[in-house]
Amino acid sequence: MTGRFQPVHDQHLELFALALAAHDHLVVAVTNPDTGARHVASTSTHRHTDEANPFTYFERTRLLTAALAGAGMADRATVVPFDLTRPALWPEYVPRHAVQYVRTFSAWETDKAGRLADGGYEVVVVDGDPATKLDAAAIRAAFRDDSWPSLVPPATVPVLRDLLGDRVSR
């Protein structure tokens, strides 16, 4: 499963569980792993912005590791970087025989599913209801008033507190 995970939330964990119900191992492929991997996409006006990408790849790996452990999935998962702008390198991080799971809420996810299919992956599209979508932008906005802990997996709260505290003390 690919995503920015800025930050990881419960709908990500739901999709992880869905993939693990059908497969032995989960590869969590972190997109926009570095600032050079960000790109403007016609189907998403924010994915490339600094505001939409507050956490580094290293920080997101910490969050994903905590979330996966808290959900009992850590022993069946691997977290890797995945630069959507460099499809020729995708097999170096995620084997071509991997099945990509994409929940579609908007044109962006539909576009991403198409890109992955064009890159040679089998893609399972899971229809998402935009009315029930957990919005990572809303979670990031909640960082300002400390109302975010109920919006993220409990296992990530200590890591997020640490990461957010580091930002305040800088």
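Which elements make a right-handed β-α-β unit? In this predicted model, the unit consists of strand 4, helix 4 (residues 107-118) and strand 5.

**View A. The β-α-β unit formed by strand 4, helix 4 and strand 5.** Strand 4 covers residues 99-104, and strand 5 covers residues 122-127. The two strands run parallel and are joined by six bridges. Within this pairing, Arg 103 is placed opposite Val 126 of strand 5. Strand 4 is mostly covered, as five of its six residues are buried. In general, side chains of a regular strand alternate between the two faces of the sheet.

**View B. The loop between strand 1 and helix 1, with Phe 5.** Strand 1 spans residues 2-3 and helix 1 spans residues 10-22. Although Phe 5 is not a glycine, its phi is positive, at about 55°. Phe 5 has a relative accessible area of 2% and is therefore buried, the cut-off for this class being under 20%.

**View C. The cis peptide bond between Gln 6 and Pro 7.** The bond leading from Gln 6 to Pro 7 has an omega near 5°. Pro 7 belongs to the loop that links strand 1 and helix 1.

**View D. Asp 146 in the loop between helix 5 and helix 6.** Helix 5 comprises residues 136-142, and helix 6 comprises residues 157-169. Asp 146 is not a glycine, yet it shows a positive phi of about 60°. The relative accessibility of Asp 146 is 45%, so this residue counts as partly exposed.

Note on methods. Residues numbered from 1 in each chain as written. Predicted model: local features only at pLDDT ≥ 70, side-chain atom pairs only at ≥ 80, totals over all residues. Heavy atoms only, no water. Helix = DSSP H or I, 4+ residues; strand = E, 2+ residues; numbered from the N terminus. Buried < 20%, exposed > 50% of the residue type's maximum accessible area, 1.4 Å probe, protein only. Pairing = 2+ DSSP bridges. Right-handed = clockwise from strand over helix to strand, strands pointing away.
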